[in-house]
Amino acid sequence: MKGKTPSESRTTTTDMVLPSETNHLNHLFGGELLARMDRAAYITAQRHSRRIAVTASVNHVAFNNAVPVGSILSLEASVSRSFSTSMEVFIDVWTEDRISGVKTKVNEAIYTFVAVDEAGKPTGVPELIPDTDLEIERFNGALRRRQLSLVLAGKMKPTEAHELKAIFE
């Protein structure tokens, strides 16, 4: 299976925040943002694997800034690392000032997807070949994040998490 770069599957969505998608403070519901991120991440995982992809976990979400009604909201999702059947997808969320066009990063998230065949069985995915410094940084961090998740879930012994241990040595 031929490897792919993050740019081959990157997904960008842009939309406006409507009043029906906001809370009593006129800020985007967190659940609405999670759903938008899940859809963008799914498209990215499907493009990378060319298979059905299912959300396995939401590893990290940071609601750093509120997103007001009327905001232009852009999500950029990229595969940060692939493993045998799973893919970590990093999502950056930006608002754009309607007047100046200045973009501000407001949120980010990391999702994990598993590629499955038509019978729902996990199937192999192409390796990821990072290009940029940011892609390499996220690629390297993904292995540590995966090991931490496995240790916390009891699926890996802490002594086996070599990349994670290296942080503390």
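## A partly exposed arginine and its buried partner

Arg145 is partly exposed, with a relative accessible area of 26%, in what is a predicted model. Its salt-bridge partner is Glu88, and the closest N and O atoms of the two residues are 2.7 Å apart.

## Other salt bridges

Searching the whole structure gives eight salt bridges. One of them joins Arg36 to Glu21, with the closest N and O atoms 2.8 Å apart. Because Arg36 lies in helix 1 and Glu21 in the loop between strand 1 (11-16) and helix 1, the pair ties together parts that are 15 residues apart in sequence. Arg36 is buried, with a relative accessible area of 7%, and Glu21 is likewise buried, with a value of 14%.

A salt bridge also connects Lys105 with Glu108, where the closest N and O atoms are 2.7 Å apart. Lys105 is partly exposed, at a relative accessible area of 30%. Both residues take part in a network of salt bridges that links Asp92, Lys105, Glu108 and Arg138.

## The nonpolar core

The largest nonpolar core has 25 residues, of which Met37, Leu73, Val89, Ile91, Val93 and Phe113 touch the most other members. Helix 1 (30-49), strand 3 (72-82), strand 4 (86-96) and strand 5 (103-116) each contribute at least two residues to this core. In soluble globular proteins, nonpolar side chains tend to be buried together.

The surroundings of Ile91 can be described residue by residue. When neighbours within four places in sequence are left aside, Ile91 is in contact with Met37, Ala41, Leu75, Glu76, Ala77, Asn107, Glu108, Ala109 and Tyr111. Glu108, one of these contacts of Ile91, is also the salt-bridge partner of Lys105.

Thr44 lies in helix 1 and is buried, with a relative accessible area of 0%. Apart from neighbours within four places in sequence, Thr44 is in contact with Ser9, Arg10, Thr11, Ala77, Ser78, Val79 and Val89. Among these contacts, Val89 is one of the core residues that touch the most other members, while Ala77 is also in contact with Ile91. Thr44 and Glu8, although 36 residues apart in sequence, have C-alpha atoms 9.0 Å apart in space.

Methods. Residues are numbered from 1 along each chain as its sequence is written. This is a predicted model: local features need pLDDT of at least 70, side-chain atom pairs count only at pLDDT 80 or more; totals for chains, interfaces and linings use all residues. Side-chain values use heavy atoms; hydrogens and water are left out. A nonpolar core is a set of buried Ala, Val, Leu, Ile, Met, Phe, Trp, Tyr and Cys residues joined through side-chain atoms within 4.5 Å. Buried means under 20% relative accessible area, exposed over 50%, partly exposed in between (1.4 Å probe, protein chains only). Helices (H or I, at least four residues) and strands (E, at least two) are DSSP runs, numbered from the N terminus. Contact means heavy atoms within 4.5 Å. A salt bridge is a side-chain nitrogen of Lys or Arg within 4 Å of a carboxyl oxygen of Asp or Glu.
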